[in-house]
Amino acid sequence: MQKRTLGNSGLQVSAIGLGCMGLSFGYGPATDRSDAVKLIRAAFESGVTFFDTAEAYGPYINEEILGEAVQPFRSEVVIATKFGFKEGKTAAGLDSRPANIRSVVDAALRRLQTDVIDLLYQHRVDPAVPIEEVAGTIKDLIDEGKVKHFGLSEAGVQTIRKAHAVQPVTALQSEYSLWWREPEQEILPTLEELGIGFVPFSPLGKGFLTGKIDANTSFDKSDFRNTVPRFSEDNRKANQALVDLLAVIANGKEATPAQIALAWLLAKKPWIVPIPGTTKLHRLKENIGAAAIELAPNDISEIDKAFAAIPVHGARYPEQLQKMVGR
């Protein structure tokens, strides 16, 4: 697979990474541990060198699984993980105090079976701790050799600028896809100006853009999409027009809807690296195949024009989660 560099950092990763969250968190029952390890190793064998996890995914178990999976080839991959929640629990609130950052890093190093974290993100901006203090702590951890690169997740433009002035930010991770275009307004121009890479999570619209979810789909009771307004039955029915359009475009390219959605992101900027997640080997292969699809500028403009004519129904987050975005 082709490699990409995240901004001006020099950090090289595969053009498509693997988001590991869904293996143990957020999308229903956790994947069997041995199956999760096999999937991560299959991703590496197919050219993926960029793996995304977090303390909060489980909590803890996701980092342990990734650490076990990549141990045989640790030096050949880039591991990204995150800090920022109390005791690693998203429901417990934010905690980006320097002492907690240090504690999380030491624990993550043990779980990941490594001596350095390649890319460390603040999972969500903590209004109680100045971002300059957070960036300064990461700078110290980089100087100590425990971390290589600093990242932010779902941060707003002013926070990005303030953090970058203290410790250069290698990557911003935020949601971006054909049905969530908000980053194009302020975020992408700022990242380009500052030389920061962009790592879109949910590049397939939390699965909706694959075309395998419709108004009749029922989610497991532990699947967080049950709380997402965009995934209400009525909104799924209203948003079906988007997937139908994507299917038409995909047929014309002899590709799948998911592959076109990922190829669209890759064509937007050379420093964008999406991290689709999956629990299935055939979906993994499908996603990786998107890296070989080239969309010309006129393809992108046609897709953009067609999608702009179809309104998206429903908020991407419930209100309490949306409040943690863009700080």
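The legends below describe close-up views of one predicted model. Residues carry numbers that start from 1 along each chain as its sequence is written, and side-chain values rest on heavy atoms, with hydrogens and water left out. Because the model is predicted, local features need pLDDT of at least 70 and side-chain atom pairs count only at pLDDT 80 or more, whereas totals for chains, interfaces and linings use all residues.

**View 1. The open sheet has seven strands in the order 3-4-5-6-7-8-9, with parallel pairing.** Strands are DSSP runs of E with at least two residues and helices are runs of H or I with at least four, both numbered from the N terminus, and two strands pair if DSSP finds at least two bridges between them. Strand 3 (18-19) and strand 9 (197-201) each have a single partner strand and stand at the edges, so one side of each is left without a neighbour in the sheet. Strand 7 (residues 147-153) pairs with strand 8 (residues 169-175) in the parallel sense over four bridges, and S153 has Q173 in strand 8 as its bridge partner.

**View 2. Strand 5 (residues 78-83) is mostly covered, with six of its six residues buried.** Buried means under 20% relative accessible area, exposed over 50%, and partly exposed in between, as found with a 1.4 Å probe on protein chains only. V78, A80 and K82 point one way from strand 5, while I79, T81 and F83 point the other way, and all are buried. Strand 4 (residues 50-52) runs parallel to strand 5 and is joined to strand 5 by three bridges, with F51 opposite I79. From strand 4 the chain passes through helix 2 (residues 61-70) to strand 5 in a right-handed β-α-β crossover; a crossover is right-handed if, with the strands pointing away from the viewer, the path from the first strand over the helix to the second runs clockwise. Four bridges join strand 5 to strand 6 (residues 117-122), again in parallel, and F83 stands opposite Q122 in strand 6. Strand 5, helix 3 (residues 98-111) and strand 6 likewise make a right-handed β-α-β unit.

**View 3. Helix 1 (residues 33-45) packs on helix 2 at an angle of about 55 degrees, with their axes 9 Å apart.** That makes helix 1 oblique to helix 2, given that angles under 35 degrees count as roughly parallel, over 145 as roughly antiparallel, 65 to 115 as roughly perpendicular and the rest as oblique. The axes are lines fitted to C-alpha atoms, for helices over the stretch in contact, and angles run from 0 to 180 degrees between N-to-C directions. R33, A36, V37, I40 and R41 in helix 1 meet residues of helix 2 that include I61, E64 and I65, where contact means heavy atoms within 4.5 Å. D35, also in helix 1, is partly exposed, with a relative accessible area of 41%, and its C-alpha atom is separated by 34 Å from that of P183, 148 residues apart along the chain.

**View 4. The axes of helix 4 (residues 131-143) and helix 5 (residues 157-166) come within 8 Å and cross at roughly 40 degrees.** The contact is made by I131, E132, A135, G136 and K139 of helix 4 with T159, K162, A163 and V166 of helix 5. T159 is buried, with a relative accessible area of 9%, and, not counting residues up to four places away in sequence, T159 touches V125, I131, L152 and R327.
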